[in-house]
Amino acid sequence: MTEAAAGRIWVLADPRAGTAAQAIGIAERLGRPFRTVPLDWGPMARLPLRWPTLAGLSAEARRGLAAPWPDITISAGRRSAPVALWLAGQGVRTIHCMRPGFAEHRFDLLVVGRHDSPPQARNILPILGATHRMSPARLAAAREEWGMFAAFPSPRIALLLGGPPRGEGMRPDIAAAIARQVVGFAGSVLATGSRRTGRPAESAVAEMLAETPHHLRRWGEGGPNPYAGLLAWADAVVVTGDSVSMLSEALATTAPVFIADPGGLGARHHRLHDSVYAAGQARPLSEAPTPFAREPFDETGRVAFEVAERFLRG
């Protein structure tokens, strides 16, 4: 890969892995070289910057943005939106995931989940859920890499635990109740916490899984992360409904997907759940373990196709 080839496409990578994955996932599916530009936020990023500016970046991150400019940038999240529009002022085409909160008409393409009620506009591409990095190729590779899960008794249920967005962690009693329901129909459980789950909830799940064959990945543990392997080997997936990212990644598999309601969800999350139920892509956990047929859902591939057709044909 030449530096010039990679320079045609920049990915503005937010420090939050889940946000960055939305942009990186699109770039990976383009099948072209790209450059990942790490974004590091300074104190000004806490302010509602609603104009094209690099003011939210740290000094070091600002130094990383220099000509020659790319043809397109792919970004995600509100904080990266002012940076993307600053690059638009240098003649760069902008693809941005999630509603930026300002100047939506100035982006070349906005990729917005239907649950966020996007308006109709030529530069807005509504999708179901969020883009991500769980491509068919990555899941196939993970199934080989994590062949150890073949020894776990079927049905293997992947349990994906999110948590409230404010960082206080999932209530342990709720996490335990979800795990108890999963144990009732699982041959084995392949579970993972996330950044928002919290140690008390993970411990409650561990206690509930103690008598069932299982693998529990706690957030922040060292060593290789088996997350893609859990999805690749799952006979069914149970995901808490507070995580748009994990639900979207679960839909990339061939397994039945069941959504667990952790309580306290707002209208935005309920709109997402209703839309995936209507599409036949998931069912509430209360309907488990009744199997149902579904095809893998590949919104990231659809977005990548649109980006290539609109901006990379030359």
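User: What secondary structure does the chain have?
Analyst: The chain has 11 helices and 12 strands. Keep in mind that the model is predicted.

User: How does the radius of gyration sit against a compact globule?
Analyst: It agrees with one. The chain has 20 Å, and a compact globule of 314 residues would come out near 20 Å.

User: And what does the C-alpha trace span along its principal axes?
Analyst: About 60 × 40 × 35 Å.

User: How much of the chain is buried?
Analyst: Of the 314 residues, 53% count as buried. The accessible surface comes to about 14,100 Å². Carbon and sulfur atoms hold 52% of that surface.

User: What share of the contacts joins residues at least 24 apart?
Analyst: 63%, taken among contacts between residues at least 6 apart in sequence.

User: Switching to charges. How many positive and negative ones, and how far apart are their mean positions?
Analyst: There are 35 positive and 28 negative charges. Their mean positions are 6 Å apart.

User: How many salt bridges in the whole structure?
Analyst: The search finds 13. One of them pairs aspartate 235 with arginine 156, at 4.0 Å from N to O.

User: Where do those two residues lie, aspartate 235 and arginine 156?
Analyst: Aspartate 235 is in the loop between helix 8 (227–233) and strand 10 (236–240). Arginine 156 is in strand 7 (residues 156–160). The pair therefore ties together parts that are 79 residues apart in sequence.

User: Is arginine 156 buried or exposed?
Analyst: Buried, at 8% relative accessibility. The cut-off for buried is under 20%.

User: Which side chain does glutamate 299 meet in a salt bridge?
Analyst: That of arginine 302, at 2.8 Å from N to O. Both residues lie in helix 11 (residues 299–311). They are three residues apart, about one turn of the helix.

User: What about burial for glutamate 299?
Analyst: Glutamate 299 is buried, with a relative accessible area of 9%. Arginine 302 counts as partly exposed, at 31%.

User: And which residue pairs with arginine 313?
Analyst: Glutamate 309, through a salt bridge of 3.4 Å, N to O. Arginine 313 is exposed, with a relative accessible area of 63%. Glutamate 309 is partly exposed, at 36%.

User: Why can side chains like these pair at all?
Analyst: Side chains of opposite charge can pair when their charged atoms come close.

User: New topic, histidines. Where is histidine 96?
Analyst: Histidine 96 sits in strand 4 (residues 93–97). It counts as buried, at 0% relative accessibility.

User: What does histidine 96 touch?
Analyst: Leaving out residues up to four places away in sequence, histidine 96 touches Ser75, Ala76, Gly77, Ser80, Ala81, Phe107, Leu109, Leu110 and Val111.

User: And histidine 273, where is that?
Analyst: In helix 10 (residues 267–278). Histidine 273 is buried, at 5% relative accessibility.

User: Which residues does histidine 273 touch?
Analyst: Gly241, Leu247, Ile259 and Leu265, again not counting residues up to four places away in sequence.

User: How far is histidine 273 from phenylalanine 292?
Analyst: Their C-alpha atoms are separated by 17 Å. Along the chain, histidine 273 and phenylalanine 292 are 19 residues apart.

Conventions: Residues are numbered from 1 along each chain as its sequence is written. This is a predicted model: local features need pLDDT of at least 70, side-chain atom pairs count only at pLDDT 80 or more; totals for chains, interfaces and linings use all residues. Side-chain values use heavy atoms; hydrogens and water are left out. Helices (H or I, at least four residues) and strands (E, at least two) are DSSP runs, numbered from the N terminus. The radius of gyration is taken over C-alpha atoms; the globule rule is 2.2 Å times the number of residues to the power 0.38. Buried means under 20% relative accessible area, exposed over 50%, partly exposed in between (1.4 Å probe, protein chains only). Contact means heavy atoms within 4.5 Å. Accessible areas come from the Shrake-Rupley method with a 1.4 Å probe; for residues, only the protein chains shown count as cover. Lys and Arg count as positive and Asp and Glu as negative; His and the chain ends are not counted. The place of a charge is taken as NZ of Lys, CZ of Arg, CG of Asp or CD of Glu.
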